[in-house]
Amino acid sequence: MAARHEYSWVLLPLLAMVFMYFGIVGGMVDDWINDENYSHGFMIPGIAAFFLWRSRNELAACPSAPSYWGLLPLLLGGTMYLAGTVVQEYFLMRSSLIVILTGTIWLLLGFRMLRLMALPVGYLIFMVPLPYTVYNSMAFPLKLFVTRVSVYLLKLTGLPVMREGNVIIFPNITLEVVEACSGMRSLVSLVAMGVAYAFIALKHPWQRVLLVLGTVPIAVASNVLRVYGTGVLSRYYGAAAAEGFFHEFAGIAVFLVALAGLILFGTLLNVVGRRIHAK
């Protein structure tokens, strides 16, 4: 009964937090539903919960040690929330939830508990959509790069083709490489999946770093393959190959190819790691 009274004071701030973030989380879920760039957001809380469940034995054995140092991240998260609300910056408002969650765990359970929960809590950052200014500043040069490499490959295979910026020009058809084909969508999703895969399948930090870094060329290469394939099909079968079902199917198929490449690279790192650390 004493313990219940000891912690009853936290109910009010927790209820305030639920009230503060109810609309913000709802808006984020709306983005997951309507913005294909972030449809992977639905998987992130589930994967974070899995990481938490995987640490259940360590968490059960770790004594809680509440610490007022947790007020520091709580203060930082509150500042981010207020600043984001004032300037209507959704990334600040949404990511402040993770900082406030960090502070709450530290305040109520202690730093050792926070360390054990660092991975599931930190992984939640992948559910927060990037600011559009950041997304677009990365997508535009990536789009040009994918177009340039794809046109180079099309020329290598003997097809008559020209490029103007992100536009691919055939004698019978003109294709525009849009944001969806830039590789950013695959990159954002693949980095999130790569981090999860790295912590599930790989043991050593260097393997995890290499796997996550490897998601960048894998995502870019898979989108070059998509644009190249679309170009070849459009040259011989016309605009239908670059629109509608075939275009959507190509996007899904190429992402599956990228996932397979990620798993293959992880398997290779596992084999190399075993040989290095067996010596």
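Predicted model: local features only at pLDDT ≥ 70, side-chain atom pairs only at ≥ 80, totals over all residues.
Two aromatic rings of Phe, Tyr or Trp count as a pair if their centres lie within 6.5 Å.

**The aromatic residues**

Select Phe-50, Phe-51, Trp-53, Tyr-123 and Phe-126: these residues form one aromatic cluster. By the rule above, the count for the model is eight aromatic pairs.

Apart from its neighbours within four places in sequence, Ser-67 is in contact with Trp-106 and Leu-107. Ser-67 counts as buried because its relative accessibility is 16%, and the limit for buried is under 20%.

**The whole chain**

Now zoom out. The protein chain comprises 12 helices and three strands, and its C-alpha atoms fill a box of roughly 80 × 55 × 25 Å along the principal axes. Of its 279 residues, 40% are buried. The chain exposes about 15700 Å², of which carbon and sulfur atoms supply 72%. Among contacts with a separation of 6 or more, 73% are between residues 24 or more positions apart.

**The salt bridge**

Next, select Arg-94 and Asp-31. How many salt bridges does the count come to? The count comes to one salt bridge, and Arg-94 forms it with Asp-31, the closest N and O atoms being 2.9 Å apart. This pair links distant parts of the chain: Arg-94 belongs to helix H6 (residues 90-109) and Asp-31 to helix H2 (residues 11-34), 63 residues apart. Is Arg-94 buried or exposed? Arg-94 is buried, because its relative accessible area is 8%.

**Helix H9**

Move on to residues 132-156, which make up helix H9. This helix has 25 residues and spans 35 Å from its first C-alpha to its last, close to the 36 Å expected at 1.5 Å a residue. Colour Tyr-135, Ala-139, Leu-142, Lys-143, Val-146, Thr-147, Ser-150, Val-151 and Leu-154, which are buried in H9. An α-helix has 3.6 residues a turn, so residues three or four places apart point the same way. To see what covers the buried residues of H9, display elements including strand S1 (162-164), strand S2 (167-169), helix H10 (184-201) and helix H11 (205-237).

Met-138 also lies in helix H9, but its relative accessibility of 38% makes it partly exposed. Draw a line from Met-138 to Met-184: the two C-alpha atoms are 7.5 Å apart in space, although the residues are 46 apart in sequence. Just after H9, Gly-158 takes a positive phi of about 90 degrees.

**The nonpolar patch**

For the last stop, switch to a surface view and select Trp-206, Val-209, Leu-210, Leu-213, Leu-268, Val-272 and Ile-276. Together these residues make a nonpolar surface patch of about 600 Å². Which helix gives the most to the nonpolar patch? H11 does, with four residues. Both H11 and helix H12 (244-278) supply at least two residues each. Ile-276 is found in helix H12, and this residue counts as partly exposed because its relative accessibility is 45%.

How values were computed. Residues numbered from 1 in each chain as written. Heavy atoms only, no water. Expected span 1.5 Å × (residues − 1). Buried < 20%, exposed > 50% of the residue type's maximum accessible area, 1.4 Å probe, protein only. Contact = heavy atoms within 4.5 Å. Patch = residues over 30% accessible without salt bridge, like charges linked within 9 Å, V, L, I, M, F, W, Y side chains within 5 Å. Areas by Shrake-Rupley, 256 points an atom, 1.4 Å probe, with all protein chains shown as cover. Salt bridge = Lys/Arg side-chain N within 4 Å of Asp/Glu carboxyl O. Phe/Tyr/Trp six-rings, centres within 6.5 Å; stacked < 30°, edge-to-face > 60°.
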